[in-house]
Amino acid sequence: MTAVIETEGLGKRYRRLWALSDCTLSIPAGFVVGLVGPNGAGKTTLLNLATGMLAPTAGTIEVLGGRPAAGPAQLARVGYLAQHAPVYAGLSVADHLRLGAHLNPGWDAETARSRIERLDLSLGQKAGTLSGGQCAQLALTLAVAKRPEVLILDEPVSSLDPLARREFLQDLMEAVAEDGLSVVLSSHLISDLERVCDYLIVLVASRVLVAGPVEELLATHHLLSGPRRDPATLPAGQHVISASHTDRQTTLLVRTSDEILDPAWTAAEVGLEDLVLAYMNQAAGRGRHNHHLEVRT
Amino acid sequence: MIWLTWRQSHLKAASAAVVLAAFAVLLAVTGPHLASLYAGSKIGSCQGSDCGGPADDFLQQLYGSSLSGASSVDGTGTYWLLYLLGIVIILMAPAVIGIFWGAPLIAGELEAGTHYLAWNQSITRTRWLAVKLTLTGLAAMGVTETLSLMQAWWATPISRAVGRGGCCSPIAMNQFSPLVFATHGITPLGYAVFAFALGVTAGVLVRRAVPAMALTLAVFAVLQVVMPLWVRPHLFPPDHTITTLSSFAAINVPIERGTLTVIPDGFDSQPEGWVLSSGAVNTSGKPVSAVPAACMQVMQSGKASHPALLDCLDSHGIGIAVTYQPASRYWAFQWTETAIYVAFALALVGYCFWRIRRRLS
């Protein structure tokens, strides 16, 4: 089966600043992929590259085996809910549905209408008067009713209150379950994604730090605690993501596909949130280090 | 896409329709009376050089006072205001279209982020842009040219009177004068399509509607001044001729300073031609600025009339060198200028397509 998104050395530069660099990914189909990272990490850039809103500066990207936005057929296979869920303020809800029907040969009018009814949006209302959550729902309806093979959502819940977040994600998962489509959604909060994702990509400071199915990530990361010890003395194949020390004790988050054999360690499972935070901290530490070096040279 | 373009612009279309209708009503109400005034003058039945007088009278009447001294009591003096109003509306139409239709067309979407919605439907950006530009661009050309044709129909008596040699009132503008040339024929089409493309391009470049509108107005206004003053006269090499003083309807000879000044208007042998420059010359073709002493004496004797002075100058071999564009080139000028503007517009549109396909997010 072709990958949903396949990138090779992908990079995007704005003037002199790399928003995304050296990104190599292969996301298999059928997952709900969470793209997580702090603000400004390059999440939106990656998703805009995947939908053809941007052209890459370096490397290649293929979505469902095709070049993003290459033609009407490719556009029909990808649904995109952009950041801030843009809708035409002057057009009514009904106009938006008509827009979708006119511009998408695969338009599913039944799905669109039943979603709007269920969400209690009135057809005659101008989109400019909708709340943030209602705009997101309307934009999601457009993206779902065109019947794409992959649905890409950029920070879909960032403007919603906690209750609306939960409802939106629940609703999204129902739509996904019905159609069996692949989903890629981004957020700067892992808590938004934890409940819905089964594949995770951590993107920090324009680089992909880790990517893989959630189950696999949890199985290969271990929280080790034991007597104080230099992390450099660990066996090969155990990569330290984070380390903290007290006078007598050392706690490490390590990634390894091997079993932990050293009896000195007490191994514990790690939660998804802790795992992501450890990667983000690691990147932040490296960033500070680099900065320090630059100042000295 | 056609539906969406219509849905997004039907308010603009409605306001254009209101302007067209109001203009049509104004012209339809006043047009027949203007035509009857023309029919009542003797311009229709005169021959050759006899037409100058009746034509002058008719135009003066429209300006508010006839040469015979009778002031207008029936409001005929307001016709020149209507004439000017029509010209101003046609001149402004392309600029208004560029500012209010062109500039926000893409910039509005980029500003609101709705291009993310539009460009992720199952339709390419190229097609999206092509439909938007074609429909709105055709409407822009249609509106402007309709205004121009309505005004041309209404002003037929005026342009005929000017063509028969009518002169000397502000309304007597010949077909090459900047205000008339730019509002009749096919040039309004060129301006409309260019101003529209300029607005769209400014919007694509600046990405915000209001600055794009200002930029559109500034560039278009500058071009509309540069074109008639410095470019249009040189589109074709002008003709040169040396003619007698009496070929000019108006020659000014200030007596005190004794200098010859020729007003480049009302060139009798080319009433519909375009006089670019003119000046007094002697028999060998050299420019002359001083009135010969003998003719000064004719003037200072006090008895001499203006024609006597002209006869004197004539007998001293002084003529007028005229640089002009003959009336027969009118359509060549119209087509050339329109083609220049259309070519500019196509270049701008081509840039927009390239930019939107390749560069924008």
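Which residue takes a positive phi just after helix 1 of chain A?

A: That's A:Gly52, with a phi of about 75°. Before going on, some housekeeping: this is a predicted model, where local features need pLDDT of at least 70 and side-chain atom pairs count only at pLDDT 80 or more, while totals for chains, interfaces and linings use all residues. Residues are numbered from 1 along each chain as its sequence is written, and chains are lettered from A and ligands numbered from 1 in the order in which they are written.

Helices here are DSSP runs of H or I with at least four residues, strands are E runs of at least two, and both are numbered from the N terminus. Helix 1 of chain A covers residues 43–50, and eight of its eight residues are buried, so the rest of the structure largely encloses it. "Buried" means that 20 or more other C-beta atoms lie within 10 Å of a residue's own; 12 or fewer makes it exposed, anything in between is partly exposed, and the C-beta atoms are placed from the backbone. The buried set includes A:Lys43, A:Thr44 and A:Asn48 as well as A:Leu46, A:Leu47 and A:Ala50.

Helix 5 of chain A (residues 132–145) also has a positive phi after it: A:Arg147, near 55°. In helix 5 of chain A, 11 of the 14 residues are buried, so this helix too is largely enclosed by the rest of the structure. A:Cys135, A:Gln137, A:Ala139 and A:Val144 are among those buried residues. Their cover includes strand 5 (78–81), helix 3 (93–103), helix 4 (109–118), strand 6 (150–153) and helix 6 (162–179) of chain A, along with helix 4 of chain B. The length checks out as well: at 1.5 Å a residue, the 14 residues should span 20 Å, and the end C-alpha atoms are 20 Å apart, which agrees. That expected span is 1.5 Å times one less than the number of residues.

A:Ala139 turns up again in the largest nonpolar core, which has 152 residues; A:Ala139, B:Ala192 and B:Val193 have the most contacts inside it. A core of this kind is a set of buried Ala, Val, Leu, Ile, Met, Phe, Trp, Tyr and Cys residues joined through C-beta atoms within 7 Å. Helix 3 of chain B (residues 79–112) gives the most to this core, with 16 residues. B:Val193 touches B:Gly137, B:Ala140, B:Met141, B:Tyr341, B:Val342 and B:Ala345, leaving aside residues up to four places away in sequence. Another core, of 16 residues, lies apart from it, with B:Phe176, B:Phe181, B:Leu245 and B:Ile318 among its members.

Now for where the two chains meet. Two residues are in contact if their C-beta atoms, placed from the backbone, lie within 7 Å, and the contact between the chains takes 17 residues from chain B and 26 residues from chain A. On chain B, helix 1 (2–40) and helix 4 (115–118) each supply at least two residues of the side touching chain A. Helix 1 of chain B has the largest share, three residues. By class, that side has eight nonpolar, seven polar and two charged residues. Here Ala, Val, Leu, Ile, Met, Phe, Trp, Tyr, Cys and Pro count as nonpolar, Asp, Glu, Lys and Arg as charged, and the others, Gly among them, as polar.

Chain A divides into domain 1 (5–204) and domain 2 (217–296), with bounds from an automatic or database domain assignment. Their C-alpha centres lie 34 Å apart, and eight residues of domain 1 of chain A are in contact with seven of domain 2 of chain A. Chain B, in turn, is assigned domain 1 (2–235 + 330–358) and domain 2 (239–329). The contact between those two takes 10 residues from domain 1 of chain B and 11 from domain 2 of chain B. Helix 12 of chain B (residues 330–358) provides the largest share of the domain 1 side, three residues.

Last, some strands of chain B. Strand 5 (residues 319–325) pairs with strand 1 (residues 239–243) in the antiparallel sense over five bridges, with B:Asp239 opposite B:Tyr324. Pairing requires at least two DSSP bridges between the strands. Strand 4 (residues 274–281) of chain B also pairs antiparallel with strand 5 of chain B, over seven bridges, and B:Trp274 has B:Gln325 as its bridge partner.
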